[in-house]
Amino acid sequence: MTYENLDRKLVNALLGDGRASLRSLGEDLDVSVTTVSNHLSTLEEEGIINGYTPKVDYDALGYDVTAIIQLKVEGSSLPEVTENLKKHKQMISVYEVTGDYDIIAVGKFTDTDGMNAQIKELLTDPEINESNTSVVLNTASEHEQFELDLE
């Protein structure tokens, strides 16, 4: 029996159904439950699979304002500002980037007043030199994952 690309096939199967049982994964991949379990454990131990979580439609829960916040910060303060942003529960993504800005954060808010208050709170940080905020008008794609190539 060959296990060529089994890990990638397993990841792709879980991307399709993160709640699939070991038995159904084994059947779909034509391997034993034990093999699936062992490979899955290895993927988790190596940090390739970091957990299992539901896909939440924040718009349906009233978080229908999405903001892209770009920040310029003092160079030595970049890690501190990034950590501070990560602590805000409504910041769903925080990136250190190259280009005109140092940090890009994506936040979800229930209304523009909540967004405005959050941004004003962020701007009290003396290490933030400049900001630019864009409000998303329409979400074409969000939180999409992609299947791995089977080399």
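A negative surface patch is formed by D57, D59, D64, D111 and D113. In this analysis, patches consist of residues with over 30% relative accessible area and no salt bridge, with like charges joined within 9 Å and nonpolar side chains (Val, Leu, Ile, Met, Phe, Trp, Tyr) within 5 Å. Asp and Glu count as negative and Lys and Arg as positive, while His and the chain ends are not counted; each charge is placed at NZ of Lys, CZ of Arg, CG of Asp or CD of Glu.

The model is a predicted one, in which local features need pLDDT of at least 70 and side-chain atom pairs count only at pLDDT 80 or more, whereas totals for chains, interfaces and linings use all residues. Residues are numbered from 1 along each chain as its sequence is written, and side-chain values use heavy atoms, leaving out hydrogens and water.

L61 belongs to the loop between α3 and β1 and is exposed at 59% relative accessibility. Y58, for its part, is partly exposed at 31%. Y58 also takes part in the structure's 1 aromatic pair. Its partner is Y63, and the pair is edge-to-face because the ring centres are 6.2 Å apart and the planes stand at 90 degrees; rings of Phe, Tyr and Trp (its six-membered ring) pair if their centres lie within 6.5 Å, with planes under 30 degrees apart called stacked, over 60 edge-to-face and the rest tilted. Y63 is partly exposed, at 24%.

Next come the charged pairs. Side chains of opposite charge can pair when their charged atoms come close. A search of the whole structure returned 3 salt bridges, each defined as a side-chain nitrogen of Lys or Arg within 4 Å of a carboxyl oxygen of Asp or Glu. K72 and E130 meet at 3.6 Å, N to O, linking distant parts of the chain, with K72 in strand β1 and E130 in strand β4, 58 residues apart. K72 is partly exposed at 28%, as is E130 at 36%. K108 and E142 form another bridge, with their closest N and O atoms 3.0 Å apart. This pair also links distant parts of the chain: K108 is in strand β3 (residues 103-109) and E142 in the segment after β4, 34 residues apart. K108 is buried at 2% relative accessible area, whereas E142 is partly exposed at 30%. E83 bridges to K86, again with closest N and O atoms 3.0 Å apart; the two are separated by about one helical turn because they are 3 residues apart in helix α4 (residues 78-87). Helices (H or I, at least four residues) and strands (E, at least two) are DSSP runs, numbered from the N terminus.

Finally, the backbone deserves a look. Most residues other than glycine have a negative phi. D30, although not a glycine, has a positive phi of about 60 degrees. This residue lies in the loop between α2 (22-29) and α3 (33-45) and is exposed at 62%. H143 likewise has a positive phi, near 55 degrees; H143 lies in the segment after β4 (128-135) and is partly exposed at 45%.

Terms used. Accessible areas come from the Shrake-Rupley method with a 1.4 Å probe; for residues, only the protein chains shown count as cover. Buried means under 20% relative accessible area, exposed over 50%, partly exposed in between (1.4 Å probe, protein chains only).
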